[in-house]
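Me: I'm new to this one, so could you walk me through it slowly?
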Amino acid sequence: MADEARRALAELVERDKNHACDGFGPAGVCVRVVGVADLPTRVGRFQIVAFWNNRDAKEHVAMVHGDVIGAEEVPTRLHSECLTGDVMGSLRCDCRDQLLEGLRRIQSMERGILLYLRQEGRGIGLINKIRAYGLQDQGLDTVEANLALGFRDDERDYAVAAHMLQSLAVKSVRLITNNPNKISQLGQYGVEVAGRIPHVIPPNEYNKFYLETKAKRSGHYIDTEGKPHLAEQSDPVMVDGMAGPADEDPAETDVGR
Ligand SMILES: [Zn+2]
Ligand SMILES: [Zn+2]
């Protein structure tokens, strides 16, 4: 099963060798599948799929579990790169929890895809993100720091993601997200989004303080030193047991068609 799925993915490299299209989004981004390999991880075995694109040197990847080619309603998570969170385990954001829980969630299902998009710091890059962190350390408030961090170029994100999903030949997806807005944005690039799976992180000793501070203060996530935290993923984080947006709609929702 896993071998078949891997072989099918590996064939995409040959298929895409001369692929060129008008591209997706205003920038006309076009991607090719250029590498596929087995990737055992601490949460299970994946196939990692590497993509080349015609616009910049960003090397996006997909983490694929099970047979997704030609499949319908494939559980899909979009994750934007966060070196400080994903790799260093920073507590200034929730990216690592979101990433690991996304991978775990996909692994627990028959099939699924996590697109790892190299959009560090909402697309402004690592250096600017760290500069914005520095401004926060000097006392900038959340709004000012948000301005310093800039705004994610959503159109570009979704255009690349949409082409990646098309390259993987998935017929339709169920998005693992707390952000219903993502559904329409992906939809505008021709991805059929058959529904939404709420992305809820189970409580653990590390995010317990998140729950506590969230419960104590309505609104923003503020750490024990009083510093506001910025949401780097375009999804508001939801920890199981925490009151918040996803609680208004905890069940799987079907949209469209
Ligand atoms: Zn293309
Ligand atoms: Zn982060």
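Me: Where is Cys93 found?
Reply: Bear in mind that this is a predicted model. In it, Cys93 is found in the loop between H2 and helix H3, the latter covering residues 95–107.

Me: Is Cys93 buried or exposed, and why?
Reply: Cys93 counts as buried because it has 21 C-beta neighbours inside 10 Å, and the cut-off for that label is 20 or more.

Me: Which residues does UniProt list for "binding site"?
Reply: The UniProt record, an unreviewed entry, lists Cys82, Cys93 and Cys95 under that heading.

Me: And where is Cys82, and what is it in contact with?
Reply: Cys82 is found in the loop between strand E4 (74–80) and helix H2 (83–87). Leaving aside neighbours within four places in sequence, Cys82 is in contact with Cys93, Cys95, Glu120 and Glu232. Cys82 also counts as buried, with 25 C-beta neighbours inside 10 Å.

Me: Changing topic, how many strands form the open sheet, and in what order?
Reply: There are 7 strands in the open sheet, ordered E1-E2-E3-E5-E4-E6-E7, and their pairing is mixed. E1 and strand E7 (193–197) stand at the edges, and each has a single partner strand, so one side of each is left without a neighbour in the sheet.

Me: How do E1 and E2 run, and what joins them?
Reply: E1 (residues 31–41) and E2 (residues 44–53) run antiparallel and are joined by 10 bridges, while a hairpin connects E1 to E2 through 2 residues.

Me: What about E4 and E6?
Reply: E4 and strand E6 (residues 173–176) run parallel, with 3 bridges joining them, and Pro75 has Arg174 in E6 as its bridge partner.

Conventions:
Residues numbered from 1 in each chain as written. Chains lettered and ligands numbered in written order. Predicted model: local features only at pLDDT ≥ 70, side-chain atom pairs only at ≥ 80, totals over all residues. UniProt positions renumbered as here; feature names shortened; annotations may be inferred. Helix = DSSP H or I, 4+ residues; strand = E, 2+ residues; numbered from the N terminus. Buried ≥ 20, exposed ≤ 12 C-beta atoms within 10 Å, placed from the backbone. Contact = placed C-beta atoms within 7 Å. Pairing = 2+ DSSP bridges.
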